[in-house]
Amino acid sequence: MKKKTHRGQPRIFRDPKAGPISRVLPLLPLQPVLRRIVRHVAKIHPELFERLESGANKTFLINAKGVPFLLVLKPDPANPTLVARSRHDEIQYDVLVSGKFSTLLQMIDSKTDSDALFFNRDILITGDTEAILLLRNALDDMDTTLADDVATAFGPLAKPLRASINMANRITGARA
Amino acid sequence: MTQLEKPELVCPAGTPASLRTAVDAGADAVYCGFKGPTNARNFSGLNFTKAELTESVKYAHERDAMVLAAINSFPTAGRTDLWKKSVDDAVELGLDAVIIADIGMAQYVAREHPEQRLHLSVQAGASSPEAINYYVEQFGVKRVVLPRILTVAEIKRVHDAIDCEIEAFVFGNIGMMAEGRCSLTNYVTGVSTNMDGVCSPASHVEYEPDEEENLTTRLGEFAIDCISCGETAGYPTICKGRYDTAIKKNYYAFEEPISLNLTRLLPDLIKAGVTALKIEGRQRSRAYIRSVVSSFREAIDAYAIGEEPDISQLIALTEGGKETEGAFKSKTWR
């Protein structure tokens, strides 16, 4: 079956299931934490950008099921950003990755195989397939885990932050 | 159960971290490729620069593991210099073998680097004693990686008629196509599996879910599958797609998403004369490599002391959640 596709075109995400919590949730306090994480990871893993190639110019929308907000990652080596966005926003993206928070975290930390997650439909990828493959392979070549990097980014504050991540992991893992 | 000789465990790596993971998980040898079209896993974000391979070889050799260079795609006219440079670099970096598919590159290695150990890639498609012995006699090939089309009994007969070692795939991707001859990707995308080193390039793949999370897979302009919500998925390759044909609707006309798993046949393969057991999957993650390599390490070690290994965890890593012993068990497998 032949069909014209959207390949290479930015897409717009609208969450039809956005709940009321998402509308009132204040995201402002979260932004500096995310900014610090992404800049720290970029600083200690410069090799990440060599594997990212053209993926560095793409917008990755992360839809962690059960989490009341979305994450938007732009891994531009000159200015990498990770921003939380309301589920009521319309968001332009190149790649959308959806799955349980716990699953996505395991994938980022290479605790579980992303191909197997895809085969088993535990994650869903839409949009620029090449960009997500570049990001997956770049992340997979890192020896440290996100938890390790959070620890080095926040020093004494890392412990409560990791506890928060673990709690979110448990809650969303059970709910999603 | 009787005790068996331990074969060499040959494992994949697409990145330096994967290579270290494979070595740490018990690989005897790791195979990998340079960035670019000179190897048959030229996927986005994968493979090694010369500097990365230098460090990786050092890491492996310090732990008594070998590193094999896969230079196993076919150069087209006017592009042979890139393949020759890859061979030269592999030799310079001290790789333990180069794995070649193209007959011209085999000649180049034999002429320019006669001391370099040479393996014949599965991509060469050499499955008869006549073909294999030709490579052995002409180019000094020391090992052949057999195509996944022979039964264990046939492997034994080949072993008895050739003058080199045999390496056999035991886990991972399996297709119906003649190895090194498949042109399906080329037909649809213009990119060649065999000459550009990439089957179903990600730049041409698209997944489109509907509101109920049924997933349409496209390669180029063609829909090659529509996976219902709850169904397992496979790689976006034409040979694993579902089609409407004259005899049947919506079925896997070539092959269903499935992985090769020969754990139960390992004793038979070893008795048939297989020297090295190969795991497919340079495109897979470190998590896959850690799990599969350690499972096979345990399986080989268990068989070596006459015990039955536990291999139950491997099914979770298979394509489509299914496994097969393929043609190794029977020619009627499909």
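How many residue pairs are in polar contact between chain B and chain A, both at pLDDT 80 or more? The count is 25, a polar contact being a pair of N or O atoms within 3.5 Å; within protein, one must be able to donate a hydrogen and the other to accept it, and residues adjacent in sequence count only if both atoms are side-chain atoms.

## Basis

This is a predicted model: local features need pLDDT of at least 70, side-chain atom pairs count only at pLDDT 80 or more, and totals for chains, interfaces and linings use all residues. Residues are numbered from 1 along each chain as its sequence is written, chains are lettered from A and ligands numbered from 1 in the order in which they are written, and side-chain values use heavy atoms, with hydrogens and water left out.

## Interface of chains A and B

In contact (heavy atoms within 4.5 Å) are 50 residues of chain B and 38 residues of chain A. The two chains bury about 3,600 Å² between them, 45% of it on carbon and sulfur atoms; buried area is the accessible area (1.4 Å probe) that two parts lose on being put together, summed over both. B:Glu206, B:Tyr207 and B:Arg286 supply 17% of the area that chain B buries against chain A, more than any other three residues.

## Salt bridges

Eight salt bridges are counted between chain B and chain A, each a side-chain nitrogen of Lys or Arg within 4 Å of a carboxyl oxygen of Asp or Glu. B:Lys35 and A:Glu53 form a salt bridge through their side chains (3.7 Å, N to O).
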